[in-house]
Structures are given as structure tokens and as C-alpha cells.
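Have the viewer open and follow along.

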Amino acid sequence: MEWNELEKIRLEKISRMRAAGIEPYPTRSDVKHSSAEAVRLFEEAERSGSTQLVEVIVGGRLRATRLMGKIAFAHIEDGAGRLQLFFRINELGESEMKRFAEDFDLGDFIEARGTMFRTRTGEITLQVAAFRMLAKAITPLPAAKDEVVDGQVVRHATLSDPESRYRQRYADLAVNPHVRQIFRTRAAVISALRAFLDARGFLEVETPILQPIYGGAAARPFITHHNQLHQDLYLRISFELYLKRLLVGGLERVYEIGRDFRNEGVSYKHNPEFTQLEFYMAHANYLTVMDLTEEMLVYVADRVLGSRQFTFNGHEIDLTPPWRRVNLREGLIEATGIDINLYPDDASLAAVMESKGMKFKPGTARGKLIDTLLGDYLEPTFIQPTFLYDYPRDISPLAKSKPGDPTTVERFEGFIGGMELCNAFTELNDPLDQEARFLEMGRDYQADDEERHPMDEDYLRAMSYGMPPNGGFGMGIDRLVMLLTGHRSIREVILFPPLRERDSEE
RNA sequence: GGGCGCGUAGCUCAAUGGCAGAGCAGUGGCCUUUUAAGCCAUUGGUUAAGGGUUCGAGCCCCUUCGCGCUCACCA
């Protein structure tokens, strides 16, 4: 390690402490109370009129000190909040007061024991009878001072450079309480999703992340290699094909929450690894899944936010059902004037789009053209929760056809805040149809080998044993957390977002 | 990958092409109820890296690195 001037000073303090027989990193902590508990115990004693002193042992990070000669005030921060400490020479003696002033720095983890009282200004405070170092901080925290405004801690000049915040997320978390809150919310969202599905008889399962054949989505995979098997493996791009195999096996309602990996570009709403929820439900269909989606997201919002309304990107969003439901064909007619049913092949749709001055890559297949249209003209307009439904068959190889309409499948995507959040369909369970779809996809994507939807023979074999009719659902958890925490960048809701390696890391 | 922008002290930020600065943090003092405590003094810089133009570059030009925004890509 290379230490800067500030750090060298603290290293000297460590030497000084050790020379005095004091261990700056003791093995045991004797902390018994959180800051919040200490305050609560004192308030209870006050309320009951007890004359008994409230004695506590608290511990936390030193966040502020106010040294005033023969007395000193300090604030420590722990997981539960902040607590003011009061040091006085009368109780501690001259040498301990000096030790506090000389050896203790902002950022150190310290332990303090004593009795609770109220200062003249009314702040509930620990009168310190004894204190010690729990863990010396060598590197100063990247933050200036705290201020309490209306009961909220405002931290001044705190770490704000996004690169530093992501590279040193530990420092970001240590210094920015609102960042810690994002990840508490994230955990609460996942916990609520589990509770919702568990209560409805879903079984949580784990399927392979390393897969010999990737599938369930159209994306370039990450490739890795198993040495002993002498075999290349892919990091999964979706869970879909494995979860549906379980329906064949008689697990009628399954879900998985986990990581997907897609070797694609990053953006404010794309990360190469992201967290996905997928569930599959026997005897459901895309309409019943739509209802369940509304119910599930309201449940999550109620539990996590205590509200069905929230602000995202300057929009007041309301999750209260029923959500708007837009037929894809009708939506496109309204937004673009193009009726996709009148243009049944690549060339005719491309021609009409060109006549309207729309931009797209030449030679794009019809399905992808339609996807471009909805991405450009519909998705950004779906601010309030909206289901877009009935997708073209040729971009939905795992969805079941709509009865009486062979070009359309029973599929919907849910949008909130102008962003795709989830994707669901009545799952295709006809193995012969499925085989035909794989072959069609093989043709459409032949030009671009990496994006090709590979044939999965074993998946077809599974389906050939008989798969119950079912509805399936996939949702990006990161995006849901973005919405519920009001962050427009996916990196804000991922603890350690990927960054390029730097030449010299300190 | 393309375009635009940014990178200055530990942190947050200043600085017409003309002496690299402030606040906080740090260091040394004073201070027995403070709370962004206060007062006095003070340390701290390869201005991301490298090259160029210029009497003179943090500032202008080129290259490289990193980050952000955006476009492309991403059913």
C-alpha cells in the first residue's frame, strides 16, 4: 500500500497506541446496544419516571468530534443511526481526555460505555465513562461534516464523483446514507416478491447458470470453459427453458430469482449481469398472468414503500390496477399510422417505414422491424403502467399462438416509466410447433450467428413428454428497484457495477 | 464502436493564456453543554498521463487512460 500524508499520520497514531500497550484492532467487541436502543431505553426510563440510570455499551463509527478542552462532544454512527457522546475530564481524567483528542480520528470504530442523559439543548446523549478503539481507520472517509436539518442528517461535501463511488462502493455506502437505503429497499423488494409467490404455492428453485446451450432470450452470451469436461459452457441469458422443464416434471408453480448474463452494451437500463425473476404457472395464461402481475407489483409497493404511488424521472406513477392495456397492432396504428397486418413480410413493412422517413438497418426481418417500431414509438410513451399485448409470432419463439391468428402470439410486456419491466406469455407447449419455431429462428438469424436462437433438442424432448398449459413471466428486478427508488441509472441500484480496470489502482 | 462533455489538495469546488486558491478534513495551540461548535496559527498540488504551440499552459492543439451523457447495439 502507498499511503498519503493523512494516512501516514494515522499510521503513526497506531504505532503510538501499540507502544502504549493499546491494541487498535482488538479481537472482541463488547457492544451491547445500538444507538437507537440506547435512546429508546432512556426515553422509556424518562417516561416511567424511573430514577435508575440507563447504562449502555454502544459502538460505531466516529462521525463528528467537537473538542473543547476539558470536555468534548462526538457523534458515532451505527446501523441504527447516530448517537451523541459526551466526554468530560471530571469522569475520564486528564490522560484519557488527551488520548481521545490525540489518537481518535473521524472514521474510527469506537466503543463507549456510560449512562444516558439529556444535554442542555435536549439531545439524548451518552455520558462516557469509558471508551476504547475497536478498529482504527487509516484512510479518512471522503466526507466533510454532518448537519441535522429537520431530524435528517445532511452530510456535506460527501463523495459524489460517480467513478469513485462505484469503484469504492464501500466508501460510498459508509458516507452516503441514502445509498445504503437503496440497497435496503432492493432487499425488501426481493423479499416481498418471494413472500408473494411463496404464499401462492410457488416453489423457489435453482437452475444452472452454466449451460451447454443458452436460450430463452435473444442475446449474445458470455462463454466459459470447464477444464475437466473439455467443454465450453455459456453463462445463462435466461432461466426459461430450465424452469419450463420443471413443469413437465410435475412442479406446477416454480420461480427463480437470480442473475442473467448478456454480453451486450451497457446503458442506463442495461447491465451485463442483471437480476431477473421468472415464474411459470401451470394452467395460467397471459391474461391471468397480467392480473397476477398487477397484484404482485401492488403488493411489493405496498410492502416496500407503503404506497402505490411514487416518483420516477419527474413523473408521478400510480400502480393501482387496472393498468392500461394496449393491443400492439392497434397501438402501432395509433402511434405511427402503420397497420402491421397490412405488411406481412420484411420487404413491404420496410418499404412503408422508409416512406415515413423512419430509420432502421437495411435487411432487417419483419419481427425486428416491429420491435424497432414499438421501441421507438410506444415504449417511451408508456409512463404509467401499461401492458402491451399480442406480439408477432416471429419475435416470440417460445409463446403460444393466438387462436385463429397464426401470425400473433399470446404475449405481453409491461412498461413503467417508459421502460420495459416485464415480459410474459402463454407458454408454447406443443413440441411440434416449438421445433418449427426453432427452425424458423435459425433461418432468421443465420446472418448473425451469435444472436441465433440455438436449437435445444433436450428441451423439445422434455416438452414431448407433455407440458401442462401454463403462463410464464420474467421481470428485471434491477429496473423495478430503479422505479421504486427513483433512480434513472441501473448502476445506482447495483452494488458493484462493472468498470474498466484502471492501470494503477490505489 | 460513434458523438458530446468532464478529470485541479483526502472530500466538495474556484482560478481572462500571466504568482495554482477557498471551505471542510489534517497538524500545533486556546476553549467545561457543543452539534456543519468557535477563535488563532499552519501543512498539503507531477492540475489524470504523455507530447506540442507559446516569452509564459490547469486553460489552446495532439495522443493515451478513466468516468458521465448520448447514439448504435440489446426480441
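Is Phe202 buried, exposed or partly exposed? It counts as partly exposed, because it has 19 C-beta neighbours inside 10 Å. The scale behind that word, with C-beta atoms placed from the backbone, runs like this: 20 or more other C-beta atoms within 10 Å of a residue's own make it buried, 12 or fewer make it exposed, and anything in between is partly exposed.

A word on provenance before going on. This is a predicted model, so local features need pLDDT of at least 70 and side-chain atom pairs count only at pLDDT 80 or more, while totals for chains, interfaces and linings use all residues. Residues are numbered from 1 along each chain as its sequence is written, and chains are lettered from A and ligands numbered from 1 in the order in which they are written.

Back to Phe202, which sits in the loop between helix 7 and strand 8 (203-204). Helices here are DSSP runs of H or I with at least four residues, strands are runs of E with at least two, and both are numbered from the N terminus. Leaving aside neighbours within four places in sequence, Phe202 is in contact with Leu197, Arg253, Val254, Tyr255 and Phe279; contact means that C-beta atoms, placed from the backbone, lie within 7 Å. Arg253 is 51 residues away along the chain, yet its C-alpha atom is separated from that of Phe202 by 4.7 Å.

Now step back into helix 7 (residues 177-199). Its 23 residues should span 33 Å at 1.5 Å a residue, and its end C-alpha atoms are 33 Å apart, so the two agree. The expected span is 1.5 Å times one less than the number of residues. Ile182, Arg186, Val189, Leu193, Phe196 and Leu197 are buried in this helix. Among the elements covering them are strand 12 (253-261), strand 13 (273-282), helix 9 and helix 15 (477-485). Just after helix 7, Gly201 takes a positive phi of about 80°.

The largest nonpolar core has 73 residues, and Val189, Phe279, Val300, Leu388 and Leu480 have the most contacts inside it. Such a core is a set of buried Ala, Val, Leu, Ile, Met, Phe, Trp, Tyr and Cys residues joined through C-beta atoms within 7 Å. Helix 9 (residues 286-305) gives the most to this core, with eight residues. Val300 touches Val189, Ala192, Leu193 and Phe196, not counting residues up to four places away in sequence. A second, separate core of 25 residues includes Ala72, Ala74, Phe87 and Leu126.

Zoom out to the whole of chain A, which has 15 helices and 21 strands. Its C-alpha trace spans about 90 × 55 × 50 Å along the principal axes, and 35% of its 506 residues count as buried. The domain assignment (an automatic or database one) gives domain 1 (5-140) and domain 2 (179-323 + 384-493). The C-alpha centres of these two domains lie 49 Å apart. Among contacts between residues at least 6 apart in sequence, 63% join residues at least 24 apart.

What about the RNA? There are 60 residues around RNA strand B, and Gly69, Thr119, Thr121, Ala144 and Gly265 come nearest. A residue is near the strand if its C-beta atom, placed from the backbone, lies within 6 Å of it. Elements giving two or more residues to this surface include helix 1 (5-19), strand 2 (71-78) and helix 5 (162-167), while strand 1 gives the largest share, four residues.

Ala157 has a positive phi of about 45° although it is not a glycine; it lies in the loop between strand 7 (152-155) and helix 5. His230 has one of about 50°, in the loop between strand 10 (223-226) and strand 11 (231-235). Ala157 is exposed, with 9 other C-beta atoms within 10 Å, and His230 is exposed with 7. The peptide bond from Pro321 to Pro322 is cis, with omega near -5°.

Note on methods
Two residues are in contact if their C-beta atoms, placed from the backbone, lie within 7 Å.
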